[in-house]
Amino acid sequence: MSALLEFTPKHDDHFPTIGELITNMRAISPETTVKSVSDDFFADAQLEAVALVENRRPIGLVTRTKFLFTVFRQFGWEVYQRKPISVVADTKPLILPDWARLDVALSLALQRGSQDLYDEVLVVNDDNEFAGLLSVRQMVVQQTHALANVIVQKELAHERARELEEIGRIKSQFLANVTHELRSPVNAIIELAELMRIAAESGYVAQVRDRLGLLLSSATSLRSVITNMLDLSKIEAGRMRVIAEPFDLAGVLHEVAETTRVLLGGKPVEVLVSTEKRSVEMTSDPVKVRQIVLNLAGNAAKFTESGRIVIQQTSTADEIAIAVSDTGIGIRAEDLKKLFIAFSQLEDTQTKSHEGTGLGLAITKELTQMLRGRVEVDSELGRGSTFTIHLPKEISE
Ligand SMILES: Nc1ncnc2c1ncn2[C@@H]1O[C@H](COP(=O)(O)OP(=O)(O)OP(=O)(O)O)[C@@H](O)[C@H]1O
Ligand SMILES: [Mg+2]
């Protein structure tokens, strides 16, 4: 047995052992006549080789091509047919242990000068007993599969590493964002409280009232960041429940429009609501529907400097569509698919000046899916965006 094989580890993730690949176990006694082996080869067109075995030990090999070539040469048949098969057998075939790895076994077969793909290797078990036959051709085919697999595995490993890198990048970006988002309102609250204390001590009631308003808006924005984070972790942990009930969607949309006008903070943007009817009945989770539409309208308010925001409701037989469109900064086509990934904010000089954690759309998508609906987006850079939610008219919990 070759020294190389002694050091071959028995298992490898990529290459099987040759013992695992054996399909041909045809063994005959060396006394068998040439005629009888010839009959076997003619009876079974798939039979490529037979092993000569004595006391369970392989002692020779007969391959179809070499056999036919030898015995049917001119006058060969008459001479050979009654003789024992051992006279035409290859008595020095390559014998390898069944635990040899395919790649090593194949390289040994090829080193041995076997350019013949129909040549065969005899395989033995740990007690050197015959275990089967394997053709060089089969080994080449299997080796090609194994190598293709190695390449695919390597590609996957690369891809995974790239994904992990990207997740790491998004996480640290998120941490920076969140820290900023939490610290700014907290700082504002502390400073305002300090100023209010001074004003209160001096008896300036009007100043205290003014600052209370600012303090309230800082606290509100702090609360919304924390609520967003809690919502997303609740959704991800599968702890968010749907509570379905009949409600009037038109009422919800008008409420959202009202809040959006406040969010615009005096920017010259009008907010319009259009519904098919005065009241639009649906059975779903009204709290979640409100949150979804408010997230979209809130974004529209954030990313629109002038023009209008339209909240439009339409319907088909069993679906309701709510489209929120704006005349804001718009989104690049290549950025559209990034929108719904948690913590991602588009790296645009215009949007960088806007506050947010990049959680709104991720939450919107998750909530919409919980209500068995879907979100679509259509946008043109510099002209505006339209986010459309499609929801079933009725869901049960
Ligand atoms: N109507 C819109 N017009 C232009 N860009 C938008 C619009 N809506 C979303 N975007 C882009 O998609 C990004 C992600 O939106 P998302 O609502 O998830 O996060 P955010 O608004 O930045 O933060 P948050 O909603 O957590 O406060 C935004 O930062 C912005 O770049
Ligand atoms: Mg948002």
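Trainee: How many salt bridges does the structure hold?
Mentor: There are 17 salt bridges in it. Keep in mind that this is a predicted model.

Trainee: Okay, give me one. What does R290 pair with?
Mentor: R290 makes a salt bridge with E255, and their closest N and O atoms are 3.1 Å apart.

Trainee: And which parts does that pair tie together?
Mentor: R290 is in helix α9 (residues 286-302) and E255 is in helix α8 (residues 249-264), so the bridge joins parts 35 residues apart in sequence.

Trainee: Is R290 buried or partly exposed?
Mentor: Partly exposed, at 29% relative accessibility. E255 is partly exposed too, at 42%.

Trainee: What about K288 and D285, buried or exposed?
Mentor: Both K288 and D285 are buried. Their side chains meet in a salt bridge, 2.9 Å from N to O.

Trainee: Where do R374 and E319 sit?
Mentor: They form a salt bridge as well, with the closest N and O atoms 3.1 Å apart. R374 lies in strand β12 (residues 374-380) and E319 in strand β11 (residues 319-326), so this pair links parts 55 residues apart in sequence.

Trainee: Which residues are linked in a network of salt bridges?
Mentor: E194, R197 and E201 are.

Trainee: New topic: which residues form a nonpolar patch on the surface?
Mentor: That's L117, Y118 and V140, with about 230 Å² of accessible area together.

Trainee: Where does Y118 lie?
Mentor: Y118 is in the loop between α5 (102-111) and β5 (120-124). Its relative accessible area is 37%, so Y118 counts as partly exposed.

Technical notes: Residues numbered from 1 in each chain as written. Chains lettered and ligands numbered in written order. Predicted model: local features only at pLDDT ≥ 70, side-chain atom pairs only at ≥ 80, totals over all residues. Heavy atoms only, no water. Patch = residues over 30% accessible without salt bridge, like charges linked within 9 Å, V, L, I, M, F, W, Y side chains within 5 Å. Areas by Shrake-Rupley, 256 points an atom, 1.4 Å probe, with all protein chains shown as cover. Salt bridge = Lys/Arg side-chain N within 4 Å of Asp/Glu carboxyl O. Helix = DSSP H or I, 4+ residues; strand = E, 2+ residues; numbered from the N terminus. Buried < 20%, exposed > 50% of the residue type's maximum accessible area, 1.4 Å probe, protein only.
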